Amino acid sequence: MTTFTSLDFYNIDASLSDEERMTRETVRQFVENEFMPLVRECYRKGEFPAQLIPRIGELGLLGANLSGYGCAGLNNVAYGLINQELERGDSGLRSFASVQGSLVMYPIHAFGSEAQKQEWLPKLAAGEAVGCFGLTEPDFGSNPGGMRARAEKVSDGWRLNANKMWITNGTLADIAVIWARTEEGIRGFLVEKETPGFDARPIHGKLSLRASDTAELIIDNCVVPEANLLPGTNGLNSALKCLMQARYGIAWGAVGAALSCYEEALNYAKGRVQFGGKPIASHQLVQEKLVFMLTEITKAQLLVLQLGRLKDEGKVTNAQVSLAKRNNVHQALEISRLARQILGANGILDDYAAMRHLCNLETVITYEGTHDIHTLILGKEITGIPAFE
Ligand SMILES: Cc1cc2nc3c(=O)[nH]c(=O)nc-3n(C[C@H](O)[C@H](O)[C@H](O)COP(=O)(O)OP(=O)(O)OC[C@H]3O[C@@H](n4cnc5c(N)ncnc54)[C@H](O)[C@@H]3O)c2cc1C
């Protein structure tokens, strides 16, 4: 039972329901059998395996913690486990599902009109349509409240002008949730890709999150009907509520990336022999690295499990989500770096997962609030004093 004791050291499995365990196993099988055979080529080419999108939809993994409109209606722990297993494969796979579920389906579900929900949610849940979320701009990342995007009221709806940067799923997307400043404050709009003036340009040269579609969106005098305004959006806070959903999933996802690195490093250390015929796992310095990994993974697993239970009870706070995102991504990055070192020269090859996870996690620690921004959020929570400026 090495697997059980190594990967679930505190028997967290026993705290999961049958449905939660089954969900995790289904996603694990999908990732192992259908995604892993593709990931190396996708990463080399810098492509997301878009052919898997209908299958991801069929498995019910998109917007899985939302109810109705074709969504799976799972609890937040099951949803977290989905994110964990997707990111055990690759952060790009989890990013696809996070954006679709938390940043596109969630705002339509939470702030959309009945017609918008009926039109978009079933298609997005089934993977028959793809969505993206445009908040960041070239000059406004950590401070999206400074955005230049504008939406002005015109006789037949709204005219939008915006330049959105670093948009996951951007070129794949049929629909973009765009945040823009209006006379009444920041609002969210649905912009369909066929809208004249809408252009999504792929961002090339990424050394991180390569198996993910990242684009710049140019929105040049796009006119959308009044029916495309998300009526429930009201200021930047609405966008931040979406980010909070995504950050929750990322905190779980980071555990998956860390588990993949730990498992790989442990197996390698037991098999790799140096000095006197002994495996490198027999050396204290290697064991110390593995113990650090196991300790941090176990702490991270306990954090997200309790976070998920709080979310299911409707008691989770933004600061609690920030703490888990900040900690788990930071530790996963440390773990991926140690795993790569244990693998020696082989660790830089894409035959192994460690270096891919390490590079990916450099994005994950930056997006959805950088590590330092989450530090400031928590600093404000503790002291009551904002230190952003
Ligand atoms: C691959 C990828 C995918 C992404 N996908 C999306 C997406 O789908 N949609 C979307 O809208 N955005 C997306 N983003 C954008 C992401 O959310 C931003 O990159 C992030 O918010 C940081 O913004 P920035 O890159 O402009 O960095 P900046 O805000 O310029 O920050 C640079 C550095 O300065 C630090 N810093 C900034 N302000 C402070 C301060 N007050 N105090 C201390 N330090 C500070 C930051 O912590 C960071 O280390 C994506 C990014 C990447 C890399």
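Predicted model: local features only at pLDDT ≥ 70, side-chain atom pairs only at ≥ 80, totals over all residues.
1. With regard to length, the 14 residues of α4 should span 20 Å at 1.5 Å a residue, and the end C-alpha atoms of the helix are 20 Å apart, which agrees.

2. For the overall layout, the protein is divided into domain 1 (2-126), domain 2 (131-233) and domain 3 (237-383). Between the centres of domain 1 and domain 3, taken over C-alpha atoms, there are 18 Å, and the contact takes 32 residues from domain 1 together with 33 residues from domain 3.

3. On the side of domain 1 that touches domain 3, two or more residues come from each of α1 (2-7), α2 (18-45), α4 (76-89) and α5 (91-111). It is α4 that gives the most to this side, with eleven residues. By class, the side of domain 1 that touches domain 3 holds 14 nonpolar residues, eleven polar residues and seven charged residues.

4. Helix α6 (residues 114-126) deserves a separate look. The helix has 13 residues and reaches 18 Å from its first C-alpha to its last, close to the 18 Å expected at 1.5 Å a residue. Along the way, α6 bends by about 30° at W120, and a proline, P122, follows within four residues. After the helix comes G127, whose phi is positive, near 75°.

5. Which residues of α6 are buried? They are Q116, W120, L121, L124 and A125, so that W120 is both a buried residue and the place where the helix bends. The cover over the buried residues of α6 includes the helices α3 (53-58) and α5, along with β1, β4 (175-182) and β5 (185-192).

6. The ligand is surrounded by 21 residues, and the closest are L135, T136, G141, S142 and T370. The shell draws at least three residues from each of domain 2 (131-233) and domain 3 (237-383). Among the elements, β1 (131-134), β3 (157-168) and α11 (371-383) each supply at least two residues of the shell. By class, the residues of the shell around the ligand divide into ten nonpolar, nine polar and two charged.

Definitions and conventions:
Residues numbered from 1 in each chain as written. Near = placed C-beta within 6 Å. Nonpolar A, V, L, I, M, F, W, Y, C, P; charged D, E, K, R; others polar. Domains from an automatic or database assignment. Contact = placed C-beta atoms within 7 Å. Expected span 1.5 Å × (residues − 1). Bend = angle between axes of the 7 residues up to and from the residue. Buried ≥ 20, exposed ≤ 12 C-beta atoms within 10 Å, placed from the backbone.
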